[in-house]
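Okay, thanks for coming, everyone. Let me put this one up, and we'll walk through a few spots together.

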Amino acid sequence: MQYIQRKSLLYKSGVEYGDYTINHVEGCSHGCMYPCYAMLMAKRFGKVKSYEEWIKPKIVSNAAELLKKEIPKHRDKIKFVHLCFSTDPFMYGYQEITDLSVTLIRMLNDAGIKCTALTKGILPDELAKLSPSNEFGITLISLNEDYRSQYEPFSAPYKERIKSLYRLHKKGVKTWVSIEPYPTPNIIDQKFEEILKSVAFADKIIFGRLNYNGMVSQYQDHKGFYNKLSRQVIEFCKKNNKEYHIKEGTMTNNLKSNKSDVTASLFGRQEILAAAGR
């Protein structure tokens with residue numbers, strides 16, 4: 001494991017559904033090949049030079065020290081802190097990163113701050129012992145292990161991710177699933193309803209399209225495809241009394257005028273941007 005030091009850790013995020021965030025690791029061993037937006041940005045700003053460097057994570061060794069100093073400065077402005085937007089807090093096979101993530105969440109909780117976390121790794125059971133206000137999620141864009149091996153080569157197997165989320169759910173933890181970045185059928189043809197059913201126990205679903213991949217636009221009517229699946233998520237969540245969020249840019253408004261579509265009203269902008277379903 002490599003280590004780096006930083007001058008600051010806790011900051012206000014500009015991400016769509018974020019508030020404050022921390023990224024206490026640089027790089028990500030999961031090596032996603034969608035391509036990974038975080039890696040693209042790291043390369044653009046000179047933090048890493050190559051994919052090979054990106055997948056060798058570096059822990060911010062002074063993360064706990066920085067957080068201790070920064071919590072009092074921001075506490076009154078924070079709604080919640082998300083782990084993480086540019087790395088993974090529970091990187092598969094990296095216990096040291098998992099341990100540090102739990103330590104940082106505990107520090108934030110002790111200050112009365114709610115945390116959310118998202119991973120393609122395994123959520124540890126000890127998260128259930130932390131604040132009941134926390135929310136923990138997994139990314140799940142397929143159930144096909146061949147696809148995972150190609151596009152998320154070093155992440156946790158899908159079944160293991162789901163099992164870890166389910167264990168937290170059974171212990172009363174609020175859970176969520178990010179179905180993003182979801183591929184078009186010319187990348188992988190799969191049954192979307194099976195993915196939804198596999199995480200039907202979760203409290204919230206976030207759905208988003210795949211970006212930065214030219215194969216998406218090569219798929220005929222890819223906008224219609226994402227509209228259809230977004231509607232499927234909304235209907236699924238409404239039927240099962242779950243919260244949902246459709247990522248900005250995933251749905252288009254062209255179906256609003258389709259009066260023959262009885263669910264067209266679901267495509268209103270406020271629905272698209274809604275942070276939670278009813």
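So, Asp19: leaving out residues up to four places away in sequence, Asp19 touches Tyr11, Lys12, Ser13, Lys77, Ile78, Lys79 and Phe80, where contact means heavy atoms within 4.5 Å. Quick caveat: this is a predicted model, so local features need pLDDT of at least 70 and side-chain atom pairs count only at pLDDT 80 or more, while totals for chains, interfaces and linings use all residues. Numbering runs from 1 along each chain as its sequence is written, and side-chain values use heavy atoms, with hydrogens and water left out.

Back to Asp19, which sits in the loop between β2 (11-12) and β3 (20-21); strands here are DSSP runs of E, at least two residues, and helices are H or I, at least four, numbered from the N terminus. Is Asp19 buried or exposed? Buried, at a relative accessible area of 3%; the cut-offs are under 20% for buried, over 50% for exposed and partly exposed in between, with a 1.4 Å probe and protein chains only. A polar atom of its side chain lies 3.1 Å from the backbone nitrogen of Phe80.

Now the core. The largest nonpolar core has 78 residues, and Val81 and Tyr182 touch the most other members; a core means buried Ala, Val, Leu, Ile, Met, Phe, Trp, Tyr and Cys joined through side-chain atoms within 4.5 Å. Helix α9 (residues 222-239) gives this core its largest share, seven residues. Beyond four places away in sequence, Tyr182 touches, among others, Ile141, Phe192, Phe225 and Leu229.

Last stop, Leu40: that one is in helix α1 (residues 37-44), and Leu40 is partly exposed, at 31% relative accessibility.

Note on methods: Polar contact = N/O pair within 3.5 Å; in protein donor to acceptor, adjacent residues only side chain to side chain.
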